[in-house]
Amino acid sequence: MQTNEFGFNFDHSYARLPESLFSQVKPAPVPRPQIVLLNRPLAQSLGLNADALESAAGAAVLAGNTVPEWSLPLAQAYAGHQFGHFTMLGDGRALLLGEQITPCGERFDLQLKGTGPTPYSRGGDGRATMGPMLREYIISEAMQALNIPTTRSLAVVATGEAIPRETFLPGAILARVAKSHIRVGTFQYAAVFAPADLKALADYTLDRHYPQLCGEPHKYLALLRQVIAAQASLVAQWMLVGFVHGVMNTDNMTISGETIDYGPCAFLDTYDPATVFSSIDLQGRYAYARQPEIAGWNLARFAEALLPLLSPDPEEAADLAAEELARFGPLYTECYLDGMRKKLGLSGAEEGDRALVQDLLDLMHRHKADFTNTFLDLTFHRFEAGSLYQSDAFASWKTRWQERAARSQQSPQAVQDLMKRSNPAVIPRNHRVEEALRPAVQGGDNSLVEKLLGVLADPFAHCEEQQEYAEPPEPSSVPYRTFCGT
Ligand code: AMP
Ligand code: MG
């Protein structure tokens with residue numbers, strides 16, 4: 001491990017894994033690296049020197065132009081089911097620079113996304129453009145502020161390059177921080193293309209993410225159990241804030257339980273369980289309401305990859321895996337209902353809670369109510385605007401809710417405090433994100449991006465400045481669309 005003027009204190013444990021799992025690659029230099037956004041609080045928590053990172057020398061490191069001797073850039077191999085079809089993938093436009101060991105002794109990957117071709121680029125240019133990198137920065141940091149496990153964004157660097165897409169777009173590199181970039185797809189890759197190295201990958205993952213399990217007799221089964229639990233909790237948290245990931249391919253599901261890959265994601269405005277934003281998701285495979293089911297499907301692919309480690313007897317291995325996988329549904333429901341109870345200010349658990357939640361959602365759907373703002377209206381007793389609140393069905397739902405709340409035996413203040421902590425005042429609404437990105441991409445004016453980041457930084461503040469960002473968009477005949485891999 002070596003430190004330097006930037007505060008990088010890198011280890012390279014992934015590079016000590018079998019060679020089949022990665023390729024060492026030099027980043028392709030860019031013409032004019034310039035820091036566009038730098039996450040100072042994150043830099044500080046990682047033990048990095050933000051001032052040094054903001055200098056020309058820092059921009060050169062974060063763009064991959066300078067490859068200091070203490071970094072060891074590598075592209076990770078992975079495979080994955082994309083929309084249900086198995087494919088070889090890998091970091092096609094990203095490089096792991098190293099693992100930062102923080103002053104508290106924690107380990108985080110620092111990955112640069114957009115650094116040029118790798119052996120896994122499959123004909124792609126390995127580059128990234130400014131709009132999607134700023135978008136990932138905004139949404140991942142918003143997720144962090146919502147207390148949802150996520151990869152984070154340390155910096156966006158402009159490259160000074162024009163990237164050919166449908167038109168020429170300004171190039172950018174995102175410096176991304178993650179507990180690790182090990183995916184379900186990393187295990188699928190090992191199981192299919194490097195079976196002799198599967199055990200080394202599993203041992204490494206256990207040691208890195210779940211060291212408490214290393215001494216267990218069935219540690220690989222325990223790994224499966226932990227990943228199932230982490231994903232059940234993660235997807236429940238997405239559902240509770242109306243987040244649609246958009247591309248839940250198995251390569252975009254982490255073993256750490258962090259949200260990763262912010263390509264086509266977006267948040268619900270109007271509540272509709274069938275909402276799909278991604279332009280390529282024509283069948284609605286990754287629609288809002290299908291996310292728990294898809295997570296379960298992805299975890300079954302993870303379990304399949306682990307089978308050889310679960311038991312030498314294939315039948316026994318399959319039975320063990322099936323037993324663990326069966327826990328996902330109940331675990332997810334528990335996390336989700338627990339979160340929904342908090343959103344409704346309810347304590348304890350009652351048989352009828354599930355129906356109470358579902359009946360509200362059904363009414364919201366019927367009346368095209370805004371997801372985030374309906375919960376805020378319930379929090380602050382604002383029942384004036386909107387057809388939902390004028391309906392008899394809502395009036396009787398509200399009576400049921402109030403009776404249930406009364407049985408919680410909490411003071412009105414305690415109920416409202418719980419609801420304020422559980423219902424964000426703001427989410428990164430699509431129209432606000434687009435509005436902020438436009439001048440940033442077209443003219444390098446980041447003022448709206450900075451303002452939006454400020455508003456999203458404390459979503460549970462419920463303060464005056466957040467009001468205008470809580471407004472849903474004007475009704476539009478054109479649905480909001482998002483795009484992958486741009
Ligand atoms: P994603 O849709 O971001 O999950 O990416 C799927 C796969 O495509 C990953 O292996 C990426 O590394 C790869 N990829 C996406 N964009 C590019 C690009 N411009 N050049 C090379 N590979 C890419
Ligand atoms: Mg991906």
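## Salt bridges overall

Across the whole structure, a search finds 30 salt bridges. A salt bridge here is a side-chain nitrogen of Lys or Arg within 4 Å of a carboxyl oxygen of Asp or Glu. Side chains of opposite charge can pair when their charged atoms come close.

This is a predicted model, in which local features need pLDDT of at least 70 and side-chain atom pairs count only at pLDDT 80 or more, while totals for chains, interfaces and linings use all residues. Residues are numbered from 1 along each chain as its sequence is written, and side-chain values use heavy atoms, with hydrogens and water left out.

## Two arginine pairs

Arg-107 and Glu-99 meet through their side chains in a salt bridge, at 2.6 Å from N to O. Glu-99 is buried, at 1% relative accessible area (buried means under 20%, exposed over 50%, partly exposed in between, with a 1.4 Å probe and protein chains only). Arg-107 is partly exposed, at 27%.

Arg-127 pairs with Glu-161 in another salt bridge, with 3.2 Å between the closest N and O atoms. Arg-127 is buried at 8% relative accessibility, whereas Glu-161 is partly exposed at 26%.

## A lysine pair and a network

Lys-219 forms a salt bridge with Asp-203, and their closest N and O atoms are 3.3 Å apart. Lys-219 is partly exposed, with a relative accessible area of 22%, and Asp-203 is partly exposed at 23%.

Finally, a network of salt bridges links Arg-341, Glu-350, Asp-353, Arg-404 and Arg-407.

Technical notes:
Chains are lettered from A and ligands numbered from 1 in the order in which they are written.
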